[in-house]
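Q: Can we go through this one together? I'd like to take it a site at a time.

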Amino acid sequence: MDNEKKNVNRVLNEKKENLENKNSKSRKKIGIILGITALLILGIIILGMIFGRKNINFRNIATEDEDDKIFRINPVKNPQVTYYNFRGEVYPDWAKFGLTRSNGARGHQGIDIFALPGTDVYAVLDGKIVDMYVDKTGYGLNFYLEVNPKELEKIKRKNYKPKESAREWAYSPNYDPNTMQVKYIRYCHLSEVNVKIGDTVKAGQVIAKTGTTGNASGTHAPHLHFEIAFEMRGKGLTNRVDPEMYFKIKNGNQMSRHEIKIQTEAARTEWFEPKGYDIGFRNKSIFLEKKDDLHKKEKIINNSKKMNLKKVGKK
Ligand SMILES: [Zn+2]
């Protein structure tokens with residue numbers, strides 16, 4: 001009897017062990033499958049990140065302000081103000097936004113970022129090209145990138161206050177963050193563009209090459225004139241803000257000796273605009289034209305109203 005019981009118990013135990021073995025084996029299998037799936041998903045995400053952004057190398061064009069740890073894509077690599085002015089005199093303040101010219105009598109509505117002609121220009125945020133034309137006596141080949149004001153607000157430098165130049169302003173006189181939304185980024189004096197009006201672009205995409213077109217022709221300080229505006233049109237500093245509010249651009253005292261040396265070399269040359277750079281581009285802003293059309297229409301409507309009144313008068 002006892003032996004029989006023992007046998008039964010042994011068989012039962014063996015069955016139990018087999019069952020436990022099976023369970024642990026199937027658990028291992030599930031674990032392996034889960035692991036492989038996780039690896040596959042991770043791989044897909046990494047591949048997506050690599051190829052989804054048109055092979056953009058963010059390491060070179062993005063910077064982080066040590067003050068606020070915000071990731072920003074710069075309009076050109078390693079942005080720094082022009083150390084020299086148009087005539088080739090040392091004058092880093094000349095590059096800055098505000099009443100920085102002619103001893104405070106004249107304003108500068110953007111910032112001049114040093115760049116040898118032909119330097120890659122990047123979209124700083126996702127956006128749309130809404131205007132592009134050649135202004136032969138001013139901005140040269142230039143365009144407007146319209147961006148989402150909320151995205152621009154996200155990269156605003158938390159602790160930036162103009163301090164290095166007494167005449168440098170942060171905001172134009174009209175600036176009121178409650179009613180106005182910053183939304184236009186303007187790139188000027190370009191030599192080439194990779195985009196056209198209506199194109200949507202991705203942050204980090206190369207959209208143009210720098211140049212010295214327009215009134216920058218003949219300069220000793222080749223640069224990208226870079227503006228941020230909350231209205232399409234501004235006069236002087238009105239409706240514009242200091243780009244340094246959003247982008248960390250090296251000032252004269254932050255540049256290395258090597259960086260100043262590169263600018264000094266460049267200042268030995270007078271950089272002229274290439275001939276025929278304007279061919280194929282409109283010579284007037286699309287928005288000014290629209291305004292003109294509107295005025296014409298208004299005139300026609302007003303005139304026909306007058307005519308009708310005269311007719312009515314005759315009757
Ligand atoms: Zn400028």
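Predicted model: local features only at pLDDT ≥ 70, side-chain atom pairs only at ≥ 80, totals over all residues.

Q: Where does N78 sit?
A: N78 is in the loop between β2 (71-73) and β3 (98-101).

Q: And what is phi of N78 near?
A: Phi of N78 is near 45°, which is a positive value in a residue other than glycine.

Q: What about N103, what is its phi near?
A: Phi of N103 is near 55°. That is again a positive value in a residue that is not glycine.

Q: Which loop holds N103?
A: The loop between β3 and β4 (106-108).

Q: Is N103 buried or exposed?
A: N103 is exposed, because its relative accessible area is 70% and the cut-off for exposed is over 50%.

Q: Let's switch to the metal. Which residues are the protein donors of the zinc ion?
A: H108 through NE2, D112 through OD and H225 through ND1. These donors lie 2.0 to 2.1 Å from the zinc ion.

Q: How are the donor residues spaced in sequence?
A: The spacing is H-x3-D-x112-H.

Q: Is H108 buried or exposed? And D112?
A: H108 is buried, with a relative accessible area of 3%. D112 is buried as well, and its relative accessible area is 3%. Both count as buried because the cut-off is under 20%.

Q: New topic: the surface. Which residues make the nonpolar patch?
A: I32, I36 and L40 make a nonpolar surface patch of about 310 Å².

Q: Where is I36 placed?
A: I36 is in helix α1, which covers residues 2-52.

Q: How does I36 count in terms of accessibility?
A: I36 counts as partly exposed, because its relative accessibility is 48%.

Q: Last one, P173. Where is it found?
A: P173 is in the loop between α3 (149-154) and β9 (184-193).

Q: Buried or exposed, for P173?
A: P173 counts as exposed, at 59% relative accessibility.

Q: What is P173 in contact with, leaving aside neighbours within four places in sequence?
A: With those neighbours set aside, P173 is in contact with L237 and T238.

Q: And what separates the C-alpha atoms of P173 and R240?
A: They are separated by 8.7 Å, while P173 and R240 are 67 residues apart along the chain.

Definitions and conventions. Residues numbered from 1 in each chain as written. Heavy atoms only, no water. Patch = residues over 30% accessible without salt bridge, like charges linked within 9 Å, V, L, I, M, F, W, Y side chains within 5 Å. Areas by Shrake-Rupley, 256 points an atom, 1.4 Å probe, with all protein chains shown as cover. Salt bridge = Lys/Arg side-chain N within 4 Å of Asp/Glu carboxyl O. Helix = DSSP H or I, 4+ residues; strand = E, 2+ residues; numbered from the N terminus. Buried < 20%, exposed > 50% of the residue type's maximum accessible area, 1.4 Å probe, protein only. Contact = heavy atoms within 4.5 Å. Donors = N, O, S within 2.8 Å, 3.2 Å for Na, K, Ca; no water.
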